[in-house]
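Please open the model in your viewer and keep the selection tool at hand, as this tour moves from one selection to the next.

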Amino acid sequence: MKKTLFAASVLFCMGVNAREYSICTWQDDATSAISFTYDDGCPNQYKTVVPMMNRYNLRGTFYTITDWADNGSAIGWDQLREMSKSGHEIGSHTITHPNSVGAEELIVAKQKIEKEIGVPCISIAYPYCNYPRDQKALESSYISGRICNQVIMPNNTTDYYRISSDICGTQGPLKTFADFQKRFEQARDVKGWCILLIHEIDNGSGYSPVKSTELDPTFSYLDQHRKDYWTDTFANISLYLRERNSSSVSEVSSSRKKVVLSVTAGLDQEIYNYPLTLCFEQPKGWKNVSASQGGHEVKSWVENGKVYVYAVPDAGNVELKKSR
């Protein structure tokens, strides 16, 4: 799907002409997006999954129940802080995991996580996948929320608080590496976002266990197919999606050796500061590029006839220069 890039609309990254600038559907122009989300803070997630994901340089989202982290019945705060420092997201699964979630469970859980972890908590997984009854508190506290409708999310969704997921393990349809690979390929075919919902690992006492022997080849597969699948936290992909849907790109100036771009979204920069991937057709003679935004070097590269560059909306002009 393409949209012409005027005002706040987005031209996705495929087949653009010279001096037409686009925002890639997913980071690094990957075909689809994948998120691993883990609920309830089962100790085997920390013991088994985190080292495994770290080994493949993949990052997941771990939804903690704050009372359980406090009383020792789930992954504790020291371990959660360690996970966060490794790049994993610590998201909210409320205070007590109630069947019906009100404002206090939304707001106080977020505050507790931010106090303990020291970084913003911006996404939530609803207990029992039940949408909270206080929508105002939800939307003022988080940028996205996860349900479990077994649906691959379309890449142009704007329903940020009903992001679906696939239940994994003994109680869900996805149990083996073969199941996961098939689901990823379905996401790739529609250029969508696949979110996996996992609880227990191996022989713990938690809900719907998944065997780590099935996860290891799954992580290896994603590591080997990064052009097909951008694997990242629920929060990072939510940020990218919301920024992309709100951003516009315009040319400030251009010459044979330099291009200056403006990227604007009008969002709260304290939250929406995740880099988008921009691209345009490779100018004649531009074999290599260097780039900066707001005076700081940013990632840029040339590949398959296109120039790519990272850019944070509303963080200053992006300057790309031809380099040897």
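The tour below goes from aromatic rings to charges over rings and then to a pair of helices.

Bear in mind throughout that this is a predicted model. Begin with the aromatic side chains, among which the structure holds 15 pairs. Select Tyr-38 and Phe-62, whose ring centres are 4.6 Å apart and whose planes stand at 10 degrees, so that the pair counts as stacked, the cut-off being under 30 degrees. Tyr-38 belongs to strand E2 (residues 32–39) and Phe-62 to strand E3 (residues 61–64), so the pair links distant parts of the chain, 24 residues apart. Both of these residues, Tyr-38 and Phe-62, are buried.

Next select Trp-301 and Tyr-308, another stacked aromatic pair, with 5.0 Å from centre to centre and 10 degrees between the planes; Trp-301 is buried, as is Tyr-308.

Then select Phe-36, Phe-177, Phe-184, Phe-219, Tyr-221 and Tyr-229 together, which ring pairs link into a cluster.

Now turn to charges over rings. With Arg-162 and Tyr-131 selected, you will find the charged end of Arg-162 over the ring of Tyr-131, 3.8 Å from its centre, while the charged end of Lys-110 sits over the ring of Tyr-142, 5.6 Å from the centre of that ring.

Finally, display helix H1 (residues 43–55) and helix H7 (residues 212–224), which pack at an angle of about 20 degrees with their axes 10 Å apart, and are therefore roughly parallel to each other. Their crossing is right-handed. To see the contact, select Thr-48, Val-49, Met-52, Met-53 and Arg-55 of H1 together with Ser-212, Leu-215, Asp-216 and Phe-219 of H7.

How values were computed: Residues numbered from 1 in each chain as written. Predicted model: local features only at pLDDT ≥ 70, side-chain atom pairs only at ≥ 80, totals over all residues. Heavy atoms only, no water. Phe/Tyr/Trp six-rings, centres within 6.5 Å; stacked < 30°, edge-to-face > 60°. Helix = DSSP H or I, 4+ residues; strand = E, 2+ residues; numbered from the N terminus. Buried < 20%, exposed > 50% of the residue type's maximum accessible area, 1.4 Å probe, protein only. Lys NZ or Arg CZ within 6 Å of the ring centre and 35° of its normal. Axes fitted to C-alpha atoms, helices over the stretch in contact; angles between N-to-C directions. Parallel < 35°, antiparallel > 145°, perpendicular 65-115°, else oblique. Left-handed = near helix turned anticlockwise from the far one by under 90°. Contact = heavy atoms within 4.5 Å.
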